[in-house]
Amino acid sequence: MPAVLVYVTTSDGAADEVALQALALGAQVAAGGPVHALVIGDAVAAASLGAYGASQVHVAEHASLAAFAPDARARVIADCAASVGAAVIVGPGTEGGNTVLARVAARADLPFSANCSSASGLNPMSVTRSRWGGSLAEAARLHGDRVVISAAPHTVAINQTGGSAAVSTFAPALDDADLVVRVVDKVAPAASGISLAEAKVVVSGGRGVGSEAGFAPVEDLAGLLGAAVGCSRAVTIAGWRSHTAQVGQTGTKIAPDLYIAAGISGATQHMAGCRGAKKILAINKDNEAPIMGDADYAVIGDLFEVLPAISAEIRRVRGA
Ligand SMILES: Cc1cc2nc3c(=O)[nH]c(=O)nc-3n(C[C@H](O)[C@H](O)[C@H](O)COP(=O)(O)OP(=O)(O)OC[C@H]3O[C@@H](n4cnc5c(N)ncnc54)[C@H](O)[C@@H]3O)c2cc1C
């Protein structure tokens, strides 16, 4: 029963959903052993982690940790892991999570397996990890007395134990070298305010939308459904939407209840980002588009007729 340390990322006083999934993976590996959670600077979020399987919570407080600095975070995680004797370090398999965990592994020359959906045992640890943008599940073994893994987003169910955990705060040691790479500015995306990664409904447009202005019916339907607007890479490359809206292997990975894909062919790299959707509705002129193989529902037709028709029907039913 190895001791496990889980790096829990937070936003505005709450643990990120993907971090709670990492905590569940950590508990899986610990198999009854201690599950330590590490939170950087967010004592409010830390207090709730006992209810999700943490047996002990550590909060690192340091003025320099307010802005995202991956090397600094890696040092805090490595030092915390050493002090609690953690044999396994787990974190969320997000861009930020993997960026930090790769540094943890590199600093101490530890093996790192990113984007795992299951893990058990130690030296060797057996993992199932997501490869090729989620289109391949690979069974692998990790050798080492201390290993680092990240949880593939939305592949591990959150563990609501309802328990409680002791929370302790510590001041980590950091120096200037740890802060060379850091966020110095943030530019808010020009979006509706609904987060693509967390939205329950996402309406996306692809090359079939034809232009920036062509997104009007996509936005109209998204507005009616309280949905986030997404897009394919063909769209971001054309400059019609910002990269923050891109769904896919090199964009955001989403797991909404409903994904509506209009004018999107369904390339492997796109589907890698939306395979977690509970239901996919494809709207496409081509009944042989690859997305038809993944879609739960399909409307074969011109999106400029189909999307307005759906919106009109929603308005009619709502009496608006
Ligand atoms: C390393 C790498 C990473 C990548 N990462 C991503 C990624 O993260 N996300 C991503 O999306 N792609 C990614 N791609 C690109 C991917 O391979 C595809 O090129 C891209 O997804 C295609 O976008 P699309 O479906 O919008 O365009 P297309 O493949 O051109 O499809 C357009 C679709 O619209 C339909 N259509 C046209 N007009 C209409 C209309 N009026 N009404 C209805 N349907 C219509 C067509 O029938 C067609 O099926 C990546 C590629 C590589 C090599």
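Helices (DSSP runs of H or I, at least four residues) and strands (DSSP runs of E, at least two) are numbered here from the N terminus. With that naming, Pro124 falls in the loop between strands β7 (112-120) and β8 (125-131). A cis peptide bond links Asn123 to Pro124, with omega at about 10°.

Before going further, a word on the model. It is a predicted one, in which local features need pLDDT of at least 70 and side-chain atom pairs count only at pLDDT 80 or more, while totals for chains, interfaces and linings use all residues. Residue numbers start from 1 along each chain as its sequence is written.

Another backbone feature to look at is Asp12, which has a positive phi of about 50° although it is not a glycine. Asp12 sits in the loop between β2 (10-11) and β3 (14-15).

**Two domains**

The protein splits into domain 1 (4-179) and domain 2 (201-318), with bounds that come from an automatic or database domain assignment. Their centres, taken over C-alpha atoms, are 33 Å apart. The contact between them draws 5 residues from domain 1 and 8 residues from domain 2; two residues are in contact if their C-beta atoms, placed from the backbone, lie within 7 Å. On the side of domain 1 that touches domain 2 there are 1 nonpolar, 4 polar and no charged residues. In this scheme Ala, Val, Leu, Ile, Met, Phe, Trp, Tyr, Cys and Pro count as nonpolar, Asp, Glu, Lys and Arg as charged, and the others, Gly among them, as polar.

**Helix packing**

Here are two helix pairs side by side. Axes are lines fitted to C-alpha atoms, for helices over the stretch in contact, and angles run from 0 to 180 degrees between N-to-C directions.

| Helix pair | Angle | Axis separation |
|---|---|---|
| α3 (70-84) and α4 (95-108) | about 60° | 8 Å |
| α5 (216-225) and α8 (303-318) | about 25° | 9 Å |

The angle makes α5 roughly parallel to α8, whereas α3 and α4 are oblique to each other. Angles under 35 degrees count as roughly parallel, over 145 as roughly antiparallel, 65 to 115 as roughly perpendicular and the rest as oblique.

How is the crossing of α5 and α8 handed, left or right? It is left-handed, meaning that the near helix is turned anticlockwise from the far one by less than a right angle, with clockwise giving right-handed. The α5 side of this contact includes Val218, Leu221 and Leu224, and the α8 side includes Phe304, Leu307 and Ile314. By class, the contact of α5 with α8 has 9 nonpolar, 1 polar and 1 charged residues.

α3 passes α4 in a right-handed crossing. Among the residues that meet are Arg73 and Ile77 in α3, and Val100, Arg103 and Arg107 in α4. The contact of α3 with α4 divides into 7 nonpolar, 1 polar and 4 charged residues.

**Around the ligand**

Of the 28 residues around the ligand (C-beta atom, placed from the backbone, within 6 Å of it), Gly206, Gly208, Ser232, Arg233 and Gly248 come nearest. At least two residues of this shell come from each of α6 (233-238), α7 (268-274), β15 (279-284) and α8. The shell has 9 nonpolar, 14 polar and 5 charged residues.
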